[in-house]
Amino acid sequence: MGSSKMGLLFACGVGMALFAAGCADAEEETPERLDDVAQSLPLADRLAQCAQDPRVVAGLVSQNVCAGAGVFFNETFDGNGRTCGTCHPVANNTTLDVQFIRNLDQTNPNDPLFVFRQVPELAELETSDLLDDAAILENVDDFSDPTHRFVSRGVNHVLSLSTSIRADSGDGTTNPPAERTGWGGDGSSDGTLRGFLKDAVTQHFPKRLDRVPGVDFRLPTSQEEDVALAFQLSLGRLNELDLANVRLFDAEAEDGRQAFMDPNRGRCNVCHHNAGANFQDTGNNRNFDTGTRTKGSPVNGGTFGDEFLADGGFGGRGLTDPNFDATGIGFPNSYGNGTFNPPPLIEAADTPPFFHNNLQINERADPGINDAVTFYASTPFGFSPAAQELEQRFGTPLNLQPLDSLAIARFLRALNAAFNIDIAKQRLNAARVLVDRFANTRADVQQKLMELARVEIDDAIEVMAPMTLYPTAAQQLDLARAEIAQGLATTSASGRRNRIVNAISRVTTARSQFGQNITFVLGQGNLMY
């Protein structure tokens, strides 16, 4: 946006002033905003922009959450051009997968995600795993030897963090982490999600691998850490389900719910209580060693001398030599204790790949949630410390049957699709509120919310399709997509509103097919991008 147009937009102000005749020109166009552009911007400017954001004016989003989204999606911290949103894109469930990366590489090969190909000083910022397996290079222990002492890990989604990061003191790994971040649960050097931001900037944003603050990037301010934390804690859902009271209208998915909770069938509910990320006995996130590290990881690792350096999970900071045999070779080849922290499962079906090392169990299978569930019938899990803990708890080894595995996967698909639909409806409802209040003023925000609602609808359809789950709901979702497409095509506020209302009706009908007591409390961060 040119300076005169930006000045006009700001001069129009907020509230009733948005409808003043003098704002007509601003209403006619979809302006390019500063907060649409990845750049380093003072937080005061972001807060000023957010004071005029229609979502804030309408009371849908707080000013701090809005500014935190600006920091998350658009702040480069004077680094190499990357933002948090580079690896956590809102339109891809805030994670990376192989297909997303390949599509991005074809459509925008100069995206900052690929800065290691563009800047010689950053040639070793990533490995081939980024393109091959959607895994990023992480110096999880320290930066003393960043091109050798590293691990490759999948990108955690950042949905529903408010439900999943409280550390469990019972697993012996909670000093210092008070909050679980990253796959090892110790991704933040100060043990908090708030402090994770500075570590992410240092890891992923540098102009050189020297990583000198003030030269290769700037560190976040305390206020930026505050608003980024507020935004992240407002993403996804804010509550846990009560699976004991949930009922699925699909018989096989309902059987999967029962298998998930049954100690004689799935035992999933112990470590993923209510299909979240928390341990059943405490309601907090506990690290486990499930044996994924021994299952022939597809990703690269660093080196220590002439030896391959594996991923040892939690721990490792301050160690000079490997201390843990992560792959069963008979001598220490990693830093850590072999434990990793569970992610929430409600969001799992459309956030592949799975596990810290993007492990696929059956190479001939589709790398989806069905394949991931089968890991718990595998030999590596059966011999793992986590499996032994379950055996001690229940008196017998877990014997996950193939039909139960399929039913559990179907159940998780049902939960994920319901979650997708609810976020789609949340975004459509927000778009309706905005068009009712502001008509065509900042129609770009309404349209983007509609587009992101369609993304969630597409996710729900994709999650359900492999198992032909809720076909009547899928038909309604297709009709909702068509309504959104027509709403996006119109320039009329009233026409857009009608299509939004119709789409809401369709997704509501679709959602009614799923079951009872599948109730998600959604965070306002879902309305940001």
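Q: Which residues are linked with Arg218 and Glu224 in a network of salt bridges?
A: This is a predicted model. Side chains of opposite charge can pair when their charged atoms come close. Here the network of salt bridges joins Arg218 and Glu224 to Arg46, Glu75 and Asp78.

Q: What is the N to O distance in the salt bridge of glutamate 224 and arginine 218, and are these residues buried or exposed?
A: The side chains of glutamate 224 and arginine 218 meet in a salt bridge, at 2.7 Å from N to O. Buried means under 20% relative accessible area. Both glutamate 224 and arginine 218 are buried.

Q: Does aspartate 210 count as buried or exposed?
A: Aspartate 210 forms a salt bridge with arginine 208, with the closest N and O atoms 3.4 Å apart. Arginine 208 has a relative accessible area of 30% and is partly exposed. The cut-off for exposed is over 50%. Aspartate 210 is at 51% relative accessibility, so this residue counts as exposed.

Q: How many salt bridges does the structure hold?
A: The pair of aspartate 190 and lysine 198 is one of them. The pair of aspartate 210 and arginine 208 is another. The count for the structure is 32.

Q: Which residues is isoleucine 518 in contact with, leaving aside neighbours within four places in sequence?
A: With the sequence neighbours left aside, its contacts are Leu241, Val246, Arg247, Leu248, Leu415, Ala418, Asp422 and Arg511.

Q: Is the packing of α18 and α20 roughly parallel or roughly antiparallel?
A: Helix α18 (residues 443-464) and helix α20 (residues 493-511) have axes 12 Å apart, at an angle of about 25°. Angles under 35 degrees count as roughly parallel. Therefore α18 and α20 are roughly parallel.

Q: Is the crossing of α18 and α20 left-handed or right-handed?
A: In α18, Ala443, Gln446, Gln447, Met450 and Ile457 meet Arg496, Ile500 and Val507 of α20. The crossing of these helices is left-handed.

Notes:
Residues are numbered from 1 along each chain as its sequence is written. This is a predicted model: local features need pLDDT of at least 70, side-chain atom pairs count only at pLDDT 80 or more; totals for chains, interfaces and linings use all residues. Side-chain values use heavy atoms; hydrogens and water are left out. Contact means heavy atoms within 4.5 Å. A salt bridge is a side-chain nitrogen of Lys or Arg within 4 Å of a carboxyl oxygen of Asp or Glu. Buried means under 20% relative accessible area, exposed over 50%, partly exposed in between (1.4 Å probe, protein chains only). Axes are lines fitted to C-alpha atoms, for helices over the stretch in contact, and angles run from 0 to 180 degrees between N-to-C directions. Helices (H or I, at least four residues) and strands (E, at least two) are DSSP runs, numbered from the N terminus. Angles under 35 degrees count as roughly parallel, over 145 as roughly antiparallel, 65 to 115 as roughly perpendicular and the rest as oblique. A crossing is left-handed if the near helix is turned anticlockwise from the far one by less than a right angle, and right-handed if clockwise.
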